[in-house]
Amino acid sequence: MPLGRAAFWIAVYLGLVLAPLVVLLLGPTPPGLGFRWDVSMALGFAGLAMMGVQFVLTARFRRATAPFGIDLIYYFHRYVGIVLLLVVMAHPVLVIVDNPATLGFLNPVAGPWHMSAGVISLLALIGVVIASVWRRTFGLAYEPWRVTHAILAVAAVGLALVHIEGVQYYAASPWQRLLWRAFALSVVAVVCYVRVIRPWQLLRRPYRVTGIVRERGDAWTLTLEPDGHRGLSFLPGQFAWLTLGGSPFLMQEHPFSFSSSPLQPRGRVAFTIKELGDFTRAIGSVPRGAAAFVDGPYGAFTTDRHPAPGYVFVAGGIGIAPVMSMLRTLADRGDRRPLLLFYAYRRWDRMTFREAIAALQSRLDLTVVFVLEEPPESWNGERGWITREVLDRHLPEDRLPRHVFVCGPEAMTQVIERQLRGLGVPLSQVHSELFELV
Amino acid sequence: MRCALAQVVAVATGGLVVLLAVLFALVQRG
């Protein structure tokens, strides 16, 4: 991670979150209602600013997300969403503790309209967090969740602004009104960019499905070619949000890693997608020639950003897709650096890209260690999981200068990272991809 | 590691916001 640029964007984030507090400090102080009251107000304002910046975090601004990898930004968006809910909830709790009579304001029938707006805003925010954290528990499909998430998030911010406007505390003077109007306009501008401008840009750069190939292990490789434009330039290992068949305005996109080399002719790109949900199970029935839209590339999981004398890849399940992109690119470039791949799968007959990996071994200095959870009787290779012993047995003596790329289920990634650290591989040389974004 | 990093930075952000909210109130009330 380029530390200088990362520090700059963290400072920008904190500046945006804390800006309302600083600006309000510079203005006239409203009549004193006590220390707890002011802490409560400050938490409410900062919480609202955090809510606004949440829209910026997922707006996929390349320059701001590149130093971290956009997967990390989405994870931060998720966790800081929980934190901001606690900050916002502290606002009414402190007001009520300070003055229990204010509890009556929460009654939506008897209380003033601006207090009801505040209560509904908080309920919308609670709904956003619950639906996101427990989406799979509730069996909520990805696409309806995204629409619900967007509507509730906009409602939470809009109603919070109505609440501030109505309460008139730190919002009465013309310049304070200006601050909150500028904030509201900024949120509207980001939402317009995400929901209107970017989909419109994607609409102007369509792709066509030119190939669908069934792979081992309930996976499909989908090949796309740009329709009337030159396509996109990506780094091996990156990913994109893919819309198939529908319109980019309909929020039906899903994130997938490229599995192809960026050196393919005619701007061709390929995604390898495992059947895991409603959308992925329908991939096989997509007709050739169908329209597709590709929002990308994103992500920092790429050998191109980490020059090294050799690389180690650790893949589990469909985590092999971005690794294939990197291996194919290295092969297309005629790279002869030593490469080592650990690839864990449940069964040999279902292992995605088994044959493609064997073919790459003739073009690369590539050693492959297959690790099978349920090996056939005749299997002589590694069995079970990728353990510390398996890594230690196969990692080369000169492991220190190599960079390691780990991609698989989150639990596997965490275990591998711990094991690599235990084996003396510096964490700065271990790179992983978080692909369970929701 | 990246997942833990996201969690730590999110919690640290929350801590900083609470700290500055307290500072805000202290400055406002002299």
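Local features are reported at pLDDT of at least 70 and side-chain atom pairs at pLDDT 80 or more, while totals for chains, interfaces and linings use all residues. Residues are numbered from 1 along each chain as its sequence is written, and chains are lettered from A and ligands numbered from 1 in the order in which they are written.

Confidence is given as pLDDT, the predictor's value for each residue, from 0 to 100. The average over chain A is 91, and 98% of its residues score at least 70. Helices (H or I, at least four residues) and strands (E, at least two) are DSSP runs, numbered from the N terminus. Among the elements of chain A, the mean pLDDT is lowest in helix H8 (residues 278-281), at 80, and highest in helix H9 (residues 320-332), at 98. Where pLDDT is low, the predicted coordinates should not be read in detail.

Chain B contains one helix and zero strands. Its C-alpha atoms occupy a box of roughly 45 × 5 × 5 Å along the principal axes. Of the 30 residues in chain B, 30% are buried. Here a residue is buried if 20 or more other C-beta atoms lie within 10 Å of its own, exposed if 12 or fewer, and partly exposed in between, with C-beta atoms placed from the backbone.

In chain A, helix H6 (residues 142-167) has 26 residues, and its end C-alpha atoms are 37 Å apart, which agrees with the 38 Å it should span. That expected span is 1.5 Å times one less than the number of residues. The buried residues of H6(A) include Leu152(A), Ala156(A), His163(A) and Ile164(A). The buried residues of H6(A) pack against H2, helix H5 (113-133) and helix H7 (174-203) of chain A; contact requires C-beta atoms, placed from the backbone, within 7 Å.

Most residues other than glycine have a negative phi, and most peptide bonds are trans.

| Residue | Phi |
|---|---|
| Arg60(A) | near 60° |
| Arg266(A) | about 55° |
| Gln168(A) | near 65° |

Arg60(A) sits in the loop between helix H2 (35-57) and helix H3 (62-65) of chain A. With 17 other C-beta atoms within 10 Å, Arg60(A) is partly exposed. Arg266(A) belongs to the loop between strand S4 (254-257) and strand S5 (269-274) of chain A, and is exposed, with 9 other C-beta atoms within 10 Å. Gln168(A) follows H6(A).

The peptide bond from Gly296(A) to Pro297(A) is cis, with omega near 0°. Pro297(A) is part of strand S6 (residues 291-298) of chain A.

Notes
Contact = placed C-beta atoms within 7 Å.
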